[in-house]
Amino acid sequence: MLTSSVRWGGGSDERPYLPRAISVLAAGDGQLSFVLEVVGPGTERLVELGAGDRLRLLGPLGKGFTAPDGDRRAVICGGGIGIAPLAMLQHQLLAQEVELVALLGFRDGAHAAGAKLLAGAQIATDDGSVGHRGLVTELLLAELDRDARAVIYSCGPPQMLEAVRAISVASGVPAQLALEAPMACGYGACFGCVVKINDGSFRRTCLDGPVVSADQLATDWLLGEGQR
Ligand SMILES: Cc1cc2nc3c(=O)[nH]c(=O)nc-3n(C[C@H](O)[C@H](O)[C@H](O)COP(=O)(O)OP(=O)(O)OC[C@H]3O[C@@H](n4cnc5c(N)ncnc54)[C@H](O)[C@@H]3O)c2cc1C
């Protein structure tokens, strides 16, 4: 959970009361790296910070991805700013010599520049300006057709994660999904980030996730996204 230290308050020239959930892109040599997409006040104030400015950080929090068991390879499938945790995952899996492919989807060529954060990724763009014209899940289906001996690792917009969940359930290929629910505290106190699982109960994304197994999610988990 990240937030700038300055301009605390609710006014337009003050920082938001709540921190924002942000994935670690890379860690090492005493440094943490992040990649941000500005969508509102929290991310805007974080990208405004300059060298020497202070920010508040709480973490690491939550449960992350786990490496594939046995002889399955990793199929990384990401979209938009969801590439952030997948870059670190790729780095860790390559260090463990896990066979993998990376498939990344973006809305246009400008956003596709983020694909550089992963090595050797196949790209899909909505407008066809870079790589395959269409959805990254089309690349995923082709990849699973080629070889279904895989674990899917996914992070991206909720609609993309729902498509990956449905592909995983239909194909029987296990998938680990990193959910992006709005979070207020980040450590389980506020219950603001709950998601419905397949026994009808709710789990806190911050504490029990953000990575969940696709077969644990309720088929209508996405409906709750619009009700927050
Ligand atoms: C576990 C986790 C990891 C995350 N990692 C990252 C990361 O590495 N980098 C990053 O940039 N973000 C990341 N996010 C998303 C980020 O926390 C949210 O986008 C956050 O709400 C942004 O805060 P804000 O104040 O800038 O915008 P808000 O005030 O929360 O939102 C402003 C407007 O943008 C819309 N909006 C909110 N989120 C998004 C979105 N993701 N895409 C498009 N529109 C949106 C809202 O509906 C609203 O209209 C992560 C979220 C989670 C839960």
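Which residues are buried in helix α4 (residues 136-146)? That was my starting point today, working on a predicted model.

**Entry 1: helix α4**

I went along α4 and found Val136, Thr137, Leu139 and Leu140 buried. They sit on the same side of the helix, because the arc they cover around the axis is only 150°. Then I turned to the other side of α4, where Ala142, Asp145 and Arg146 are exposed. Next I looked up what lies over the buried residues. The cover includes the strands β5 (73-79), β6 (100-106), β7 (122-125), β8 (132-133) and β9 (150-155). Helix α5 (158-171) is also part of what covers them.

**Entry 2: the whole chain**

I stepped back to the protein as a whole and noted six helices and 13 strands. The C-alpha trace spans about 50 × 40 × 35 Å along its principal axes. Of the 228 residues, 38% count as buried. For contacts with a separation of 6 or more, I found that 53% come from residues 24 or more positions apart.

**Entry 3: two domains**

The domain assignment gives me domain 1 (2-57) and domain 2 (73-227). Their centres, taken over C-alpha atoms, are separated by 24 Å. In the contact between them I have nine residues from domain 1 and ten residues from domain 2. I sorted the domain 1 side of that contact by class and got seven nonpolar residues, one polar and one charged.

**Entry 4: around the ligand**

How many residues surround the ligand? I have 22 of them, and the closest are Ala21, Gly40, Gly42, Thr43 and Ala84. Which helix gives the most to this shell? It is α1 (residues 41-48), with four residues. By class, I put the shell at 14 nonpolar, four polar and four charged residues. I also looked at where the shell comes from: domain 1 and domain 2 each supply at least three residues.

**Entry 5: cis prolines**

I went through the peptide bonds next and noted two cis cases. The bond from Gly59 to Pro60 is cis, with omega near 0°. Pro60 belongs to the loop between β4 (55-57) and β5. The bond from Gly209 to Pro210 is cis too, and there omega is near 10°. I placed Pro210 in the loop between α6 (205-208) and β13 (211-213).

**Entry 6: positive phi**

Last, I looked at backbone angles. Asp29 is not a glycine, yet its phi is positive, at about 55°. I located Asp29 in the loop between β2 (26-28) and β3 (31-33). Is Asp29 buried or exposed? It counts as exposed, because I find 5 C-beta neighbours inside 10 Å.

Glu97 went into the notebook as well: its phi is near 60°, a positive value in a residue other than glycine. Where is Glu97? I found Glu97 in the loop between α2 (83-95) and β6, and β6 is among the elements that cover the buried residues of α4. Glu97 is exposed, since 7 other C-beta atoms lie within 10 Å.

How values were computed: Residues are numbered from 1 along each chain as its sequence is written. This is a predicted model: local features need pLDDT of at least 70, side-chain atom pairs count only at pLDDT 80 or more; totals for chains, interfaces and linings use all residues. A residue is near a molecule or strand if its C-beta atom, placed from the backbone, lies within 6 Å of it. Helices (H or I, at least four residues) and strands (E, at least two) are DSSP runs, numbered from the N terminus. Ala, Val, Leu, Ile, Met, Phe, Trp, Tyr, Cys and Pro count as nonpolar, Asp, Glu, Lys and Arg as charged, and the others, Gly among them, as polar. Domain bounds come from an automatic or database domain assignment. A residue is buried if 20 or more other C-beta atoms lie within 10 Å of its own, exposed if 12 or fewer, and partly exposed in between; C-beta atoms are placed from the backbone. The arc is that of the directions from the helix axis to the C-beta atoms. Two residues are in contact if their C-beta atoms, placed from the backbone, lie within 7 Å.
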